[in-house]
Amino acid sequence: MTEPFCRLYLVSPAVAAPEAFAPVLKAACAAGDIAAVLLRLDVGDERAAINIVKELAPVAQDAGAALVVAGPAGVAVRGGADGAHIDIRGEEEPERILDDAGEQLRPQRILGVGGLKSRHAAMQAGEADVDYVMFGEPRPDGSVPTAAETLERAGWWASIFATPCVAYAESLGDVGPLAAAGVEFVALGDAVWRHPDGPAAAVTEALAQIAANVPEEP
């Protein structure tokens, strides 16, 4: 018997007050199998960012989820996170940025990359030996690509490349098609944090969608 291989990856809101977000995060992580939490930060200085990571990383880690920081690798390392997610959108030298991050994170921690505006950018990131590529996540202005665009890009990547793929679902209704496309991780953000019945209900529904749609591992 083979096992499904797609897992859930949560993307936090931009956090400035960790004491307010901690119980919400704990409820989400306790609701089922969460592979990782991408922690987005809303602070202006490195020390404050590190302190938030130190406070929230154990919440995810105690539930068995990796805590990945959306930001500098140094913040992730000093905060006790499991990795860093680097957005290379608009960067003129993405290879150098990913190399620098890799030097700080390897071999113990995760290096993920997002902000991939084209197939070419995704392939360049893959060549940098990252641990995953992410498609469809919110842009800096809060907008997201259409569900069809994310499905096309994630499906293309998953069908060709060995580097794991994270595909962002704007709504719970997008989870099933992305899981069916063969991605390793489906990411959810506001669909979890703003669910009318709370984050645990959203996680439970998302996991059911994954289980119902994911291909079995060959």
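Predicted model: local features only at pLDDT ≥ 70, side-chain atom pairs only at ≥ 80, totals over all residues.

Colleague: How many helices and strands does the secondary structure of the protein hold?

Modeller: Helices (H or I, at least four residues) and strands (E, at least two) are DSSP runs, numbered from the N terminus. Here there are nine helices and eight strands. The radius of gyration, taken over C-alpha atoms, is set against a globule rule of 2.2 Å times the number of residues to the power 0.38. The value for this protein is 16 Å, close to the 17 Å that the rule gives for 218 residues, so the protein is as compact as a globular protein of that length.

Colleague: In which order do the strands close into a barrel?

Modeller: Two strands pair if DSSP finds at least two bridges between them. The eight strands follow the order S1-S2-S3-S4-S5-S6-S7-S8, with parallel pairing, and the twist from one strand to the next averages 25 degrees. S1 (residues 7-15) and S8 (residues 185-188) are joined in the parallel sense over four bridges; Arg7 stands opposite Phe185 in S8.

Colleague: At what angle do H1 and H2 pack?

Modeller: Axes are lines fitted to C-alpha atoms, for helices over the stretch in contact, and angles run from 0 to 180 degrees between N-to-C directions. Angles under 35 degrees count as roughly parallel, over 145 as roughly antiparallel, 65 to 115 as roughly perpendicular and the rest as oblique. H1 (residues 18-30) and H2 (residues 46-62) pack at about 15 degrees, their axes 9 Å apart, which means that H1 is roughly parallel to H2. Contact means heavy atoms within 4.5 Å; the residues making it include Phe21 and Leu25 of H1 and Ile52 and Leu56 of H2.

Colleague: How do H5 and H6 cross?

Modeller: The axes of H5 (residues 119-127) and H6 (residues 147-160) come within 12 Å and cross at roughly 40 degrees; the two helices are therefore oblique to each other. Arg119, Ala122, Met123 and Gly126 in H5 meet Glu152, Arg153, Trp156 and Trp157 in H6.

Methods:
Residues numbered from 1 in each chain as written. Heavy atoms only, no water.
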